[in-house]
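Dear colleague,

Please find below the structure for your review.

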Amino acid sequence: MNALVQQWSESLRSATQDHGPQWLDELRLRASDQLTAHGLPDRKDEDWKYTPMRVLEKLNPAINNNTGGVADDVAAAAFNDANFPAALLDKPDYEARVYDGVLVGLEGSDRPGVTIVSLTEGLKRYEPLLRKHIEAVDIDGSAQAFNALNTATLNQGLVIHIDQQADAGTILLRWAMSGNASPSIHNFRVFLLLAEGARMQLMEQFESVDHAGSALNVVSHVELGTDAVLDYLCVQNESENTVLMSSTRIDQAQGSRYNYAGFDLGGGLVRHELKTVFAGSDAHAAFLGAFVLDKARHVDNHISIDHASPACSSEQFFRGVLGDSSRGVFNGKALIRPGADESSVRQSNANLLLSHLARIDTKPELEIYADEVEASHGATVGQLDETAIFYLRSRGLSEAEARRLLVGAFCRAVTDKLDNQALAGHVSDMIDHAMPSYHEN
Amino acid sequence: MNEKSVNMLEIKNLHATVGGKAILKGLNLNIEAGQIHAIMGPNGAGKSTLGNVIAGREGYEVTQGEVLFNGKNLLELEPEERACEGIFLAFQYPVEIPGVNNTYFLRAALNAQRKYRGEPELDSMQFLKLVREKLKILHISDDLLRRSVNEGFSGGEKKRNEIFQMAVLEPSLAILDETDSGLDIDALRLVADGVNRLRSEDRAMLVITHYQRLLDHILPDKVHVLADGKIVASGGADLALKLEEQGYTWLEQGGIQSLDVELRA
């Protein structure tokens, strides 16, 4: 067993377990055993082949059980600091804040049918529903190590529940990571539970308070009832000493729509696992995203779409820009099961390498077992067009400006797909700031 | 006569290679402000190379000679510095740049040039006013402003966009690299009209073309014949007509002797 997991195992054994429901205490123990037995994922795990754990092992974070909580004034000061990045949205209907893996703030309007509470409170109100989701998480084997860790430490989380036909409006979820004291790995759980016909727009923002190292491991459950609609924008702009592991399972009923757009502009080691299952027909899932990386950042987008029902459509559209010695991974998978006729699948990942040390591993996968399927997939890796650079320079723009303009245009293919033009503009500006500096060679 | 005070562009004994291959082999050319010079010549003579060398394109290596622009050594400058000094190259094949809005691009370019010259930058309202005036003069629809740079443009639209950019950037030396290629007669006339509207006393133009037909619409002050990397003959507008009539082979057969032109060794 590797040293980091050994340290975590000891920490889990010595920690006093919360006295939650008995099934949860038992599950925590089982998850802890799984983690101890299998350790972290390595290159032999197909799904982790391109994402080594080196950065995490070097950071060597201790498990933070979050039992001590975070002083409210510390968290408030961090979010309100003038240097802390501005919120994506000025006046959301709701705002939730998580500081170092602890839910520190929940505020907002009082819309009918909308419940936003902590995990502790959520377990009181929706225990059977949450239990169903928690127990469905795969915690077996090294590939699921982060799910196991999250389950073993489960006590912090956010539950958003929207009743039938209710509209939660806009919800802003802000994450702040600090590295105070020694590096920790924080674990957090999110539930987005939308009943039939419910709607919400979620904007999630990951930022660092400082440059110190820390790690965050988030497991999310999304349940979309019949015709429910979730628009989900995620922007991650953390320091290069940060590890973010995020794993989301989406269950989609008939006619539901899940519109995800994820932008990774920072972070040290980042992985987004997004897995959606179409349990009913005529559902739609869109996964859009861009990663614009410099330094030695590593961002991995792992998406899997299970067309288990007919007449559903899915789209994956990702663009990557990699400078310096950064590394990107795109693994998009769509499975069309037998009988899932009239499915439509689109997959596209285009990448720009700005440096000879940068690297992208891209793997769009289609598995089709049904007839009458409309499917397209493609991946490209290229460099900026030198002719275009000269064209811009010949009009007076500097070489750096010309490159910035071309990279921005490359990413705009993603932001142009966002419905909310104001947010798209905001994200474009953030992409501009994240642009890797230009180096010869 | 002091040449330096008269010539905007002075090219002396210019040798240039592309991919290790010698293309320009001792080219001499002087252009005064207010003049339009045409460069004609057969394919492979080095016409486009000349335009690219002046604009500073990578891959075009000057091995000998000098290029002075208003007395400044142009060859030491980056392409964007040359643009800011007042050089404009209308591309033979204008580049499509999806995702970069034409208006945004042009304003960034103009402001980069103004900044270089120590002039205040234009805000979007001032800029919009300027481009609307230019569009009106050139009879171009403002639909162009909303589109991405050259994306999905027809051949004629691309060339007109080059002329439009030139009108906005107001260079002191404009090089038109085979701007007539791929244009039908109506598009050619529109482009030529645009160029003629931009003629002025303090602006020079270098029109690079394979055929004489563009020169029916843009009357040059001087015509030069470029062959095998050198200017082999220079004359007035009638030289172009003669070339069109006789073909470039006529040059090689010594026919040029019969014209009142300046022959270069």
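In the residue classes used here, Ala, Val, Leu, Ile, Met, Phe, Trp, Tyr, Cys and Pro count as nonpolar, Asp, Glu, Lys and Arg as charged, and the others, Gly among them, as polar. On that basis, the lining of the largest pocket has 15 charged, 10 polar and nine nonpolar residues. Please note that the model is predicted.

The volume of the largest pocket is about 750 Å³. Its lining comprises 34 residues, and Q144(A), R249(A), E273(A), K275(A) and S304(A) lie nearest the centre. Among the elements that give two or more residues to this lining are α5 (119–136), β9 (214–224) and β11 (242–252) of chain A; β15(A) gives the most, with five residues.

The second largest pocket has a volume of about 510 Å³. Of its 26 lining residues, P85(A), E207(A), S208(A), N237(A) and E238(A) are the closest to its centre. Here α9(A) supplies the largest share of the lining, five residues. By class, this lining divides into nine charged, eight polar and nine nonpolar residues.

As to the interface, 18 residues from chain A and 32 residues from chain B take part in the contact. The area buried between the two chains is about 1900 Å², with 64% given by carbon and sulfur atoms. On the side of chain A, F390(A), Y391(A) and R395(A) lose the most area to chain B, together 41% of what that side buries. Three salt bridges are counted between chain A and chain B. One of them joins R393(A) to E80(B), with the closest N and O atoms 2.7 Å apart.

Yours sincerely

Key. Residues are numbered from 1 along each chain as its sequence is written. Chains are lettered from A and ligands numbered from 1 in the order in which they are written. This is a predicted model: local features need pLDDT of at least 70, side-chain atom pairs count only at pLDDT 80 or more; totals for chains, interfaces and linings use all residues. Side-chain values use heavy atoms; hydrogens and water are left out. Contact means heavy atoms within 4.5 Å. Buried area is the accessible area (1.4 Å probe) that two parts lose on being put together, summed over both. A salt bridge is a side-chain nitrogen of Lys or Arg within 4 Å of a carboxyl oxygen of Asp or Glu. On a 1 Å grid over the protein atoms alone, a cavity is a set of points where a 1.4 Å probe fits but cannot get out, and a pocket is an open set with protein on both sides within 12 Å along at least five of seven lines; lining residues have an atom within 4 Å of a point. Grid points are joined across faces, edges and corners, and a volume is the space filled by probe spheres set on the points. Helices (H or I, at least four residues) and strands (E, at least two) are DSSP runs, numbered from the N terminus.
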